[in-house]
Amino acid sequence: MTQASHSWKHALLLVLTALIWGCAFVAQSVGADYVGPYTFLAARYLIAFLVLLPIAHHRADASKRRASIKAGLFCGVSLFLGSLFQQIGIAYTTTAKSGFITAMYMIIVPLLSVFLGQRIKPKVWLAVAMSCIGLYLLCIHGTMSFSFGDAITLVCSLFFALHILIINHFVKQADPWTLSAVQLLVCGVLAAFFMPTEAPTPHALYLALPAVLYAGVLSSAVGYTLQTFGQQGLDPAVASLIMCLESVFSALAGWVFLHQTLTPIEIFGCILMFFAIVWIQLPEPQKKAVRSV
């Protein structure tokens, strides 16, 4: 397999991840109507851990167990904080602005990468700028005011960016199955520790169950495992750019399943983001060597 085809394979895994996460946005909103953020996150991530555990136990690389557990602990804390701030923030802002601000990790990741001494190609910065414009056209209508909920959501974007960079740091020395299972367990345990403060009732949990199952099985167990495998072959800045497509898929899911209309400007925003993602994956033309006579 060539390097280019290898890169496309991992990019497609992250596109699938973004598709699953985009459709899960509805589940998160529905779940928030019945239970608090700690309860929803505890149920979501503990279910995800139980689903993934037998697969991880069967397929895990035992020689990488120690490194995988360490990586899972760091990833779990950052993922928990990102998920928590997102779930709290969505109660104080619109879903469109929440999706837009959350996806700002595609800017934060390359900025943090620069501070960590990594060089970001101009092509990546241009693709990020194109995606930001596309995301704005898709999500924001009218003035862009900044509220308390928006500030909380921006904090979540920072933790999601750290989550991407932590995975990139550990992914080559850790087993993806074990890493994913451990991070889900950490998220579930941390959320469960604070869950009694919300005093959830069995009836509320029953009403939230369909949303929790989608978020737990698909968005968490499948989605975060795909993310770990997908990031194995990609630069973290490029990976974050691809994963921000969850906002596009969220809008398209609303159009297909909920019959929500998309304006021409929103459609253009989707196209611009897709173009940026495809363009960043295209190999750069090789310079021809000059033959001396």
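1. Tyr34 sits in the loop that joins helix 1 to helix 2 (37-59); helices here are DSSP runs of H or I, at least four residues long, numbered from the N terminus. Tyr34 counts as partly exposed because its relative accessibility is 39%, where buried means under 20% relative accessible area, exposed over 50%, and partly exposed in between, with a 1.4 Å probe and protein chains only.

2. A word on the model before going further. This is a predicted model, in which local features need pLDDT of at least 70 and side-chain atom pairs count only at pLDDT 80 or more, while totals for chains, interfaces and linings use all residues. Residues are numbered from 1 along each chain as its sequence is written, and side-chain values use heavy atoms, with hydrogens and water left out.

3. Together with Val26, Val30, Tyr206 and Leu207, Tyr34 makes a nonpolar surface patch of about 460 Å². Helix 1 (3-32) and helix 9 are the elements that give two or more residues to the nonpolar patch. Such a patch takes residues with over 30% relative accessible area and no salt bridge, and joins nonpolar side chains (Val, Leu, Ile, Met, Phe, Trp, Tyr) within 5 Å. A salt bridge here is a side-chain nitrogen of Lys or Arg within 4 Å of a carboxyl oxygen of Asp or Glu, and accessible areas come from the Shrake-Rupley method with a 1.4 Å probe.

4. Val26, one of the patch residues, lies in helix 1. Val26 is partly exposed because its relative accessible area is 41%. Val26 and Trp255 are 229 residues apart in sequence, and their C-alpha atoms are 12 Å apart in space.

5. Leu14 lies in helix 1 and counts as buried, at 0% relative accessibility; its C-alpha is 22 Å from that of Leu53, which is 39 residues away in sequence. Ala11 is also found in helix 1 and is buried at 4% relative accessibility, with 32 Å between the C-alpha atoms of Ala11 and Gly149, 138 residues apart in sequence. Ser7 lies in helix 1 too, and is buried with a relative accessible area of 17%; 30 Å separates the C-alpha atoms of Ser7 and Cys187, 180 residues apart along the chain.

6. A cavity is a set of points on a 1 Å grid over the protein atoms alone where a 1.4 Å probe fits but cannot get out, and its lining residues have an atom within 4 Å of a point. The largest cavity holds about 220 Å³ of space, a volume being the space filled by probe spheres set on the points. It is lined by 19 residues, and Trp21, Gln86, Phe160, Tyr224 and Glu246 are the closest to its centre.

7. Which elements supply the lining of the largest cavity? Helix 1, helix 2, helix 3 (65-89), helix 7 (148-170) and helix 9 each supply at least two residues, and helix 1 gives the most, with 4 residues. The lining divides into 10 nonpolar, 7 polar and 2 charged residues. Here Ala, Val, Leu, Ile, Met, Phe, Trp, Tyr, Cys and Pro count as nonpolar, Asp, Glu, Lys and Arg as charged, and the others, Gly among them, as polar.

8. One backbone detail deserves a look. Ala199, in the loop between helix 8 (176-194) and helix 9 (202-230), has a positive phi near 45° although it is not a glycine. Most residues other than glycine have a negative phi. Ala199 is exposed because its relative accessible area is 56%.

Note on methods
Patch = residues over 30% accessible without salt bridge, like charges linked within 9 Å, V, L, I, M, F, W, Y side chains within 5 Å. 1 Å grid on protein atoms, 1.4 Å probe; cavity = no way out; pocket = protein on both sides within 12 Å on 5 of 7 lines; lining within 4 Å.
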